[in-house]
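Here is a short report on one protein model. Please keep the sequence and the structure in view while reading.

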Amino acid sequence: MTTEMKALSETEAPPKEGACRVACEDAPDTFIAVPQGALVERLADVWKGRVEDGAGFETLCRLFGLLFRIEGRETLAALRDEYHGFNPDLPTRATVWSEDRDHDYERLKDRLSRLLVQGNFCEIDADRLRLAETDMAEVDAEIRVPHHHYADVSFFARGRCHTTTTRSRFLGLMRRTRQSVRLRHVVVMIRFHDAIAEPRRRLPVPLMGPRTDARVFEGRVVIKLFIDVAEADLNMLYPGARAIMRLRDKLLLGVPALAGGVPVLMNILPALSVLFVVVAAYLGFVAGGSVPQEEMAKALAAVSALAGLGGFLMRQWIKFERQVLKYQMMLTDNLYYRNVCNNAAVFDFLLGTAEDQEFKEALLAYVHILRADQPLTPAGLKDAVEAWLSATFAIRVEFDIDDALDKLARLDLLERAADGTLRVAAPRDAEDRLRAVWTAVGA
């Protein structure tokens, strides 16, 4: 890697967690949800109206895109190398286990966090994740998360919007409407413990057969990308999360079963003594070995009652399993349609979206500084870009002014005056500087 390329990739500031979380709290965030082609087309109109040589805009855009693509290529190669030893999709013999795995993981997490910040993601704090475990939006079920499996958990999100959801209650007789927050993209990064001890079960085998264990990746790191997730349903995104019976469902199934089973059991208990006598007589434990006809009839009645009780218990167990399966299918359907990609494939998606966001931020900042009637300060530039995006595309964006100016400075296009105002290189000069950086990268 050349010196200029290192300046582009290694001088990236580490993610500012406090600022990122603040941006994630408000409705507008730093994600620019506008197609790149539409943005370039509208900025081209602004460019032609303010710059004499309108033809240079296409060249400038092409150079911006190429430079960010080369920078992303270096990041992608480094991420794949650092993730190789933690990738659960690779067989054990294909991974390289280093002695200092904690250091390797921190390096992987730091690089991935920087890439996520470039793509305008922000980290979801632990308090919000804990709140999601007690709340629900679309998945009307209790989710059990195996926290003892995880050594480290990180959630990142972007694109917040407020929506209204309606849920039916009491067999559709009532409807409840509530406000919820939806996240456009969510990235989950979880490291599993190197050795996981499962808690001892009360019964080794359930009544309906052995239970399938959740897939556990000891010592590995799972990375998942989801789209359109309700913030209250973040707990369903954990690997190994299961939908379980809520207290309300247990009462709805258990109370009728108890009310119906106790009278049946009370009627069977007096006949059980007769049944034991008949069985003992046939086994030779009773002298005489003969059983009166009346006692035999009572014994047969007791057997029939026991069979009925067994059928009743089986029906109640099937209802229980059906309810659990209903919740698990609800959870599986939500995950199936919202999961985009997993593990190493997430890097390609993130890299593409990071390049897209960096291109938009740099181009917006450059054009608006160039088009301004008077020199702008960083705060004035931020307001101008946000107002233009709102007027042009009817979207609210918290423009990341610091990141945009850092990119222009790394590309040698930005100048800061003594009074704090901003200036950029003229179009022809900017094109020459970008070509010089491109030449140095390719050397």
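## Glutamate 71

Is glutamate 71 buried or exposed? The model is predicted. In this model, glutamate 71 has a relative accessible area of 4%. The cut-off for buried is under 20%, so glutamate 71 counts as buried.

Glutamate 71 sits in helix H4, which covers residues 56-83. In sequence, glutamate 71 and leucine 351 are 280 residues apart. In space, their C-alpha atoms are 9.8 Å apart.

## Helices H9 and H10

Two packed helices are described by the angle between their axes and the distance between the axes. Helix H9 spans residues 344-371, and helix H10 spans residues 378-393. Their axes come within 10 Å. They cross at roughly 105 degrees. Angles of 65 to 115 degrees count as roughly perpendicular, so H9 and H10 are roughly perpendicular to each other.

Which residues of H9 and H10 meet? H9 brings Leu364, Ala365, His368, Ile369 and Arg371. H10 brings Leu381, Ala384, Val385, Trp388 and Leu389. By class, this contact of H9 with H10 has eight nonpolar residues, one polar and one charged.

## Cysteines

A disulfide is a covalent bond between the sulfur atoms of two cysteines. How many disulfides does the model have? With sulfur atoms required to lie within 2.5 Å, the count is zero.

Cysteine 122 has 6% relative accessibility and counts as buried. Cysteine 341 is buried as well, with a relative accessible area of 13%.

Key. Residues are numbered from 1 along each chain as its sequence is written. This is a predicted model: local features need pLDDT of at least 70, side-chain atom pairs count only at pLDDT 80 or more; totals for chains, interfaces and linings use all residues. Side-chain values use heavy atoms; hydrogens and water are left out. Axes are lines fitted to C-alpha atoms, for helices over the stretch in contact, and angles run from 0 to 180 degrees between N-to-C directions. Helices (H or I, at least four residues) and strands (E, at least two) are DSSP runs, numbered from the N terminus. Angles under 35 degrees count as roughly parallel, over 145 as roughly antiparallel, 65 to 115 as roughly perpendicular and the rest as oblique. Contact means heavy atoms within 4.5 Å. Ala, Val, Leu, Ile, Met, Phe, Trp, Tyr, Cys and Pro count as nonpolar, Asp, Glu, Lys and Arg as charged, and the others, Gly among them, as polar. Buried means under 20% relative accessible area, exposed over 50%, partly exposed in between (1.4 Å probe, protein chains only).
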